[in-house]
Amino acid sequence: MMLLLLTLIVANQDAVWQVGNDAYRDGDFKKAITQYEQLIDDGVKSGRVYYNLGNAYFKAGELGPALLNYYRAEKLMPGDDDIRQNIEMANETRRDPVIESERAGLGMAVDKFFFGLSYQHLFLIAFVLLCVAGLAAIPLSLGKKHRVWGYVLVIAGVLGLALGAVTMLQYQRLTANDAAVVMVNQTDVLAGPAPSEPVNFTIHEGIRCQILEQQPGWYRIRLANGYNGWLPQSDVEKI
Amino acid sequence: MKWWWLGVVSLSMAQVSFNVGPNVVAINEYVQFQVIVEGKGSELPHFPQGFEGADFSLARSSPDRQSSMTIVNGQVSQKMVYTYLLKPNRKGKVQIPAQTIRIKGKDYKSRAYALEVGDEKRSVGRQQSRRSDPFENFFGRSDRRRQQRNANAEIFVEAEVPKTSYYLGEPIPFSVKIYRTPGVEITNSGSSMDLPKFDNFWSEEIETNQEIKRVRRDDKVLEAILVDKRQLFASKSGALTIPPANFQLTVALSRGFFADWQTVNRSTKPLKIDIKPLPASGKPADFSGAVGSFRVVGELDKSKIALGESASLKVEVIGKGNFNALSELSLPELGHQFEIFDGGAPVVEKSGGVPSKKTWVFALVPKREGKFDIALPQFSYFDLKTKTYKKTEVKTFPLEVEGGEGLVASGPVGGERSPLMASQNLNYIMQGPLGPVDMSQKLRSPRPLFWVIGGFLLLNLMLFAGRKIRGQMLGSAAQSRPKLALKHCLKTLDQLGSEQDHEAFHAGLAGAIFAYFGDKWGRAAQGISLEDVQDFFNRKALDKTLTQSLVDVVETCEQARFTPASAGSRSQVLDEARQVLRRIDEVMA
């Protein structure tokens, strides 16, 4: 009985998914959004749904929700090329310029090389390489100075450590819950958590920020370039 | 007949008295309520409970002030007269109730005053002249016609709005005029105009030159002087009132040195206006409050430019209405293809003192080459003629941008891409079956990687350390081997004492001797021969008898292995060997 019920639920979710995709194909992006949102409301946690929802929002001209859903899709499907490319595309249409450190720096440079791999794969490869390096070190530790063991130790060790670092970065990014996207057309980032505080700078829809701390109704955020300040919680949504 | 009430009500440090008059007044005239304070110093009085009197209202909240000072026998006394103007609200027999005035924290109370308020007064009554024209009777000019004209002379003021009902945001033309009989003179000296506070309205003054027009009112020819003209914009809907404007005019019926100037008070009637809210139905999302009729025109100075050059776009909004609602005009659609620099605040042109055109100028610097349609901005407004919301028409100008030298020099003008381009390049949605409905992975912590690194590091350290310790131990044994050589050897000889086998005894003895030298030299005993020992003794120039004794012992052992011997000779050989080895060890030490 439970199995039958489960089968019916899955079939219904698949139908909603297809209706959403059909609506998107027909250019009815509002309907597509409704369908994808329904799946999410039903508890579906699929990177594919978030990705399609991001596309539908983007086509409907809502940049903030589009980027929010792309980022959510990326959390569930790290390393997916389509998601990454659409995030880049959407970011280039936002009003705030793309901050260099958003895509530069060690993290993103490493990403370019290794983000093609999923976290699980990265973890496994790093684990194996480190094991190989460790085993290769044993004969050397025992005084058997054979050149092959030296090469194996250096190559496997360096690669294993590099992949281990990438794995750490990915893990931090995938488990972090402190990123948010600006959802309003424009918002002032203030010097403190009160409307009377002076304006530090102004940001616009779609820009991603890191939440540093919170007060009732306010978040203290930081941009990729280090600018920080306070804005109303209602102006952003956590990824 | 006019007369003034006067009463002293209190005497203390400051003597305060009240003076009210005139007691007969027209509905469009004022009553003066004077507070006279005598004494040293004074402070502006005020009504702690507000002015009490339903039949009158304060025309101005702050009083006029007059001061005088007298010095008698060195005693200085000061007198301040504060005059409040009261505007009657109704005609008939009315009363100014007793008022409480507070000065320097002390309350003073006036008595009640009864007055009579008559009909609106327009005529300029001829007062008893303080200065009569001495030539008037001389030249006999006091003719009947002139007397008649003076008797009919009028002056009054009116505030006007063309309609009684307006939409919220609709401009309300407001004007105040003084109507006078031709010949009535008004002088600026002593005349004042007190316009109302336009609460609930946004007011924009329109410059006027106090133009005078002849008009016909009630079959009379009058001169209308436009003294104030402005546009009002209601800030809320509902029944709103524009309060009266109050005038104090110094007038005379003739001009000249001997003109009989007198002061008259006049006020306008309050104007009630119905402000209708804008219809909710059909209100566009981009509606910003513009009401009237507008159109947008523009001009692009070039149709073809190269990268690095700029084009100038002029945008003009022409029409009638509340131009204030059009404070900002932007070109968001062009922002992705062009860097936009606005030319500052828009220029407002007026027609008849009223804004009729607002002009913005933008400089457009292209970010990339291509053919573009530069669209003028559109906005929605409420059209008063059709009573519907309308949007300004679309108008575009073609602009071709060619690649130029500026392409390289300008570099990355911006990383932006137009939504259209981005939309075209957007990767398509994922299709096919929905797939797993819960992709939220429980990520394995990367901690095991550290365990692997740490584990192997520890293992290898342990192996390395073990190897080192073993080496040290072996080295230590090798170092102590020469020192313990005699001890080991003598121990072996002691053990040989109980050896029953003849051959094994002698072989063991010879072996023990060579083992001694092996230990001494840090070598294996097997490779050491008697010749090696002799060579060593010769090189070290040791005692030759000692060498010979050792050779004898070894050769005795070699010979005795194959010839039977008694137990006594065995012990003798052992003793000789012990003695020789002890002596050698002493020498070698």
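Helices, of at least four residues, and strands, of at least two, are taken as DSSP runs and numbered from the N terminus. On this basis, chain B of the predicted model contains 9 helices and 32 strands. Chain B has 589 residues, of which 39% are buried. Among its contacts between residues at least 6 apart in sequence, 70% join residues that are at least 24 apart.

The C-alpha atoms of Ser356(B) and Ile318(B) are 5.9 Å apart in space, although 38 residues separate the two in sequence. Leaving aside residues up to four places away in sequence, Ser356(B) touches Val317(B), Ile318(B), Gly319(B) and Phe323(B), together with Glu349(B), Lys350(B) and Ser351(B). Glu349(B), one of these neighbours, also belongs to a network of salt bridges that links it with Lys314(B), Glu316(B) and Lys357(B).

The interface between the two chains was examined next. Chain A contributes 59 residues to the contact and chain B contributes 39. About 4300 Å² is buried between chain B and chain A, and 64% of this area is on carbon and sulfur atoms. Between chain B and chain A, 0 salt bridges are counted, whereas the count of residue pairs in polar contact, with both residues at pLDDT 80 or more, is 13. On the side of chain B that touches chain A, helices α3 (419–425) and α4 (447–480) of chain B each supply at least two residues. The largest share of that side comes from α4(B), with 11 residues. By residue class, the side of chain B that touches chain A consists of 22 nonpolar, 12 polar and 5 charged residues.

Over all chains, the salt bridges number 24. Side chains of opposite charge can pair when their charged atoms come close. In chain A, Arg25(A) and Asp22(A) form a salt bridge in which the closest N and O atoms are 2.2 Å apart. Arg25(A) and Asp22(A) are separated by about one helical turn, because they are 3 residues apart in helix α1 (residues 2–25) of chain A. Both partners are partly exposed: the relative accessible area is 38% for Arg25(A) and 35% for Asp22(A).

In chain B, a salt bridge joins the side chains of Lys177(B) and Glu160(B), with an N to O distance of 3.4 Å. This pair links distant parts of the chain, with Lys177(B) in strand β14 (residues 172–180) and Glu160(B) in strand β12 (residues 155–160), 17 residues apart. Lys177(B) has a relative accessible area of 23% and is therefore partly exposed. Glu160(B), at 21%, is likewise partly exposed. A further salt bridge in chain B is formed by Glu223(B) and Arg214(B), whose closest N and O atoms are 3.6 Å apart. Here the partners fall into separate accessibility classes. Glu223(B) has a relative accessible area of 13% and so counts as buried, the cut-off for that class being under 20%. Arg214(B), by contrast, is exposed, with a relative accessible area of 58%, the corresponding cut-off being over 50%.

Aromatic contacts were considered last. A pair of aromatic rings is described by the distance of the centres and the angle of the planes. The structure holds 22 aromatic pairs over all chains. In one of them, the ring centres of Tyr24(A) and Phe29(A) are 5.2 Å apart and the planes stand at 70°, so the pair is edge-to-face, an arrangement that requires an angle over 60 degrees. Tyr24(A) is buried, because its relative accessibility is 4%. In chain B, the rings of Phe382(B) and Tyr389(B) have centres 5.2 Å apart and planes at 65°, and this pair is therefore also edge-to-face. Phe382(B) and Tyr389(B) are both buried. Elsewhere in chain B, ring pairs connect Tyr516(B), Phe517(B), Trp521(B), Phe536(B) and Phe537(B) into a cluster.

Definitions and conventions: Residues are numbered from 1 along each chain as its sequence is written. Chains are lettered from A and ligands numbered from 1 in the order in which they are written. Side-chain values use heavy atoms; hydrogens and water are left out. Contact means heavy atoms within 4.5 Å. Buried area is the accessible area (1.4 Å probe) that two parts lose on being put together, summed over both. A salt bridge is a side-chain nitrogen of Lys or Arg within 4 Å of a carboxyl oxygen of Asp or Glu. A polar contact is a pair of N or O atoms within 3.5 Å; within protein, one must be able to donate a hydrogen and the other to accept it, and residues adjacent in sequence count only if both atoms are side-chain atoms. Ala, Val, Leu, Ile, Met, Phe, Trp, Tyr, Cys and Pro count as nonpolar, Asp, Glu, Lys and Arg as charged, and the others, Gly among them, as polar. Rings of Phe, Tyr and Trp (its six-membered ring) pair if their centres lie within 6.5 Å; planes under 30 degrees apart count as stacked, over 60 as edge-to-face and the rest as tilted. Buried means under 20% relative accessible area, exposed over 50%, partly exposed in between (1.4 Å probe, protein chains only).
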